[in-house]
Amino acid sequence: MPRPVDETLEVHQILFGPGPNGVEPIASTFAWQDGLGPWSNRLLPLCRLESYPDQEVPRTSLSYFSFSEEHAAVLRRIDNGHTKSRGHAHALVGRPDLLTPERAVALAGWSGWLDRAQADPSNSFPAVVIPAAGHHFRVAKPDAIASLLAALLRQPTGNLTVCGAPDSDRIPLIRDCLRVAGALFSGSDIRRKWTFSTYEQTVVPSTKTAAEIVFLPGILEGITQVAGTVVDLGDATTDDAADRIALMLAETYVAQGMNAIDSLLFKHSVADRPALQDRIALLGSLFDVSAQTPRVKPVEPVDPPLAGMILTITSSESPGPIPAPEGPSPLEIAQELRRADDPGRTAELVGLLCDLVPPESAAVRSRMRSQLLDAHFTTERVDIVAQHAQGAYRAILTHCLGRHLEDLTPRDHPTLAAVCGIVSRHKTSPGLVKELVNQATRTGKITLLLAALGLRDLRGQGSPGPEPAWDELFCADPAAHHAAPAAAPQSSPPRQRGARSHQAESHGGDYRLVLFVSAVLIFLLGLVVGVVA
């Protein structure tokens, strides 16, 4: 059944500029009662380019703000007013899953930013924004990337106030820090929104709340307000473990690209540790931070294109895939694993799969699931395969569902239904199910599997029962899975016919609801009994 179209995938626009009441909204895609008022209240305190006397302001600045789980904004301010702080500001506002930090950075090179009201008598413009292309940014200098990373390693939570960065370096620095630190933090016990502002005069409370990383032109003693850790890129760095780990990561990224960082975190199981401090400690041992000489020689920054940062607002896909390494692809390995009989070849294939970085493409992961997460492989083959390599279960699940189980989501009900069907089967490999439970617990998605785990437990105790229609349980329109009822004889009264049909449908829904609730309760009871025992 085709998935329903999500009509909420849109981004609204607001243009601020000088008006009768000072700087105010002068054009938008909102009517006042439909959302302009709340957004105006959020953004007006943040949309002025201000400076202290004798301080210059940049021609433009870019900010990514988050106000709640449902509200994010990318704001571009321009110094084009008759006086300072009276220029224009163009904001894109929407949900954070559409306006992500990566897309905010990509928008720095977008050609659709407005400097002032266009010749449009309605003072409005389309709500859905689709930039034609991304922008090419050079890679930031390794020592600057390392300074920000080191500050995040020392204090993973809270704000960063950064000074000493030229204006032209700020977007590349944010982009590179976001890539490396974002990969390290992803799925850990520390959650950051990765909000930022490339220019502020000072860090006032509204800015501190809306942006985690703020760049200042400088700090005037006793005047400039800061927030959190201050990172002065002009100062000599300290020489502690955080600095050495950060420098190793930065130089690896600049020399070899993001593929090397992903491979490092995955191959050495860094990303499997839920606690960020444990990840940092493991990196310290891998990099041997007690040594004084870096393992990776510094290289000069190059100017590659901004890979994967081309923005399409109406797509929920993640940035583009990592370039495929030499050798067989994960899909080719999966296809051969299904039929390999020789133990030596099976061991070789499992080792290759464990060493590969999981595919970033949801389409590739979908094809991997057709090979490695079907009834045959998860029942008869997976335990044989897993005997040949430690971490085989984890590699299979991450290649099929994503490193953080990205594909296991209520929005993708066909995948969720298929996974629940596999989990609920008593013959499915216990080792595979155990690893899936561990990963789902770590990523906060265990509640999606409770019903299937409860049913699996019931079947393990010998309780019979039909396989539930998982695709109906997770579908927004279960009736779409049923064929239209045949026409009843004309002699039956229409009212009675409708009553019987409604009653039968109600009983079917009641059965599914009872099965779902019973399975969850049995699973939770099992957890309680296990803890008591």
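Burial, strands and rings in a predicted model

Reply: Trp110 is buried, with a relative accessible area of 12%. Buried means under 20% relative accessible area, exposed over 50%, and partly exposed in between, for a 1.4 Å probe and protein chains only.

Me: What kind of model is this, and how are residues numbered?

Reply: This is a predicted model, in which local features need pLDDT of at least 70 and side-chain atom pairs count only at pLDDT 80 or more, while totals for chains, interfaces and linings use all residues. Residues are numbered from 1 along each chain as its sequence is written, and side-chain values use heavy atoms, with hydrogens and water left out.

Me: How many aromatic pairs are there?

Reply: The count comes to five aromatic pairs. Rings of Phe, Tyr and Trp (its six-membered ring) pair if their centres lie within 6.5 Å; planes under 30 degrees apart count as stacked, over 60 as edge-to-face and the rest as tilted.

Me: Why is the pair of Phe65 and Phe67 called tilted?

Reply: The planes of Phe65 and Phe67 stand at 55°, with the ring centres 6.3 Å apart, so the pair is tilted. Phe65 is buried at 0% relative accessible area, whereas Phe67 is partly exposed at 27%.

Me: And what about Trp110 and Trp113?

Reply: Their ring centres are 5.1 Å apart and their planes lie at 75°, so Trp110 and Trp113 form an edge-to-face pair. Trp113 counts as buried, at 9% relative accessibility.

Me: Which residues do ring pairs link into a cluster?

Reply: Trp39, Phe65 and Phe67 are linked in this way.

Me: Which charged end sits over the ring of Trp194?

Reply: That of Arg192 does, 5.4 Å from the ring centre. Likewise, the charged end of Arg394 sits over the ring of Phe266, 5.2 Å from its centre. A charge sits over a ring if NZ of Lys or CZ of Arg is within 6 Å of the ring centre and within 35 degrees of the ring normal.

Me: Changing topic: what is the order of strands in the open sheet?

Reply: The nine strands have the order β2-β1-β5-β4-β3-β7-β8-β6-β9, with mixed pairing. The edge strands, β2 (22–28) and β9 (229–232), each pair on one side only. Strands (E, at least two residues) and helices (H or I, at least four) are DSSP runs numbered from the N terminus, and two strands pair if DSSP finds at least two bridges between them.

Me: How does β1 pair with β2 and β5?

Reply: Strand β1 runs antiparallel to β5, with five bridges, and pairs with β2 in the antiparallel sense over six bridges. Phe16 has Ala89 in β5 as its bridge partner, while Leu15 has Ala27 in β2. A hairpin of two residues joins β1 to β2.

Me: Is β1 (residues 12–19) mostly covered or uncovered?

Reply: Strand β1 is mostly covered, as six of its eight residues are buried.

Me: Where does Leu405 lie?

Reply: Leu405 lies in the loop between α13 (392–401) and α14 (413–424). This residue has a positive phi of about 55° although it is not a glycine, and at 0% relative accessibility it counts as buried. Most residues other than glycine have a negative phi.

Me: Which loop holds Ser269?

Reply: Ser269 lies between α7 (258–267) and α8 (276–287). Its phi is also positive, near 60°, and Ser269 is partly exposed at 26% relative accessible area.
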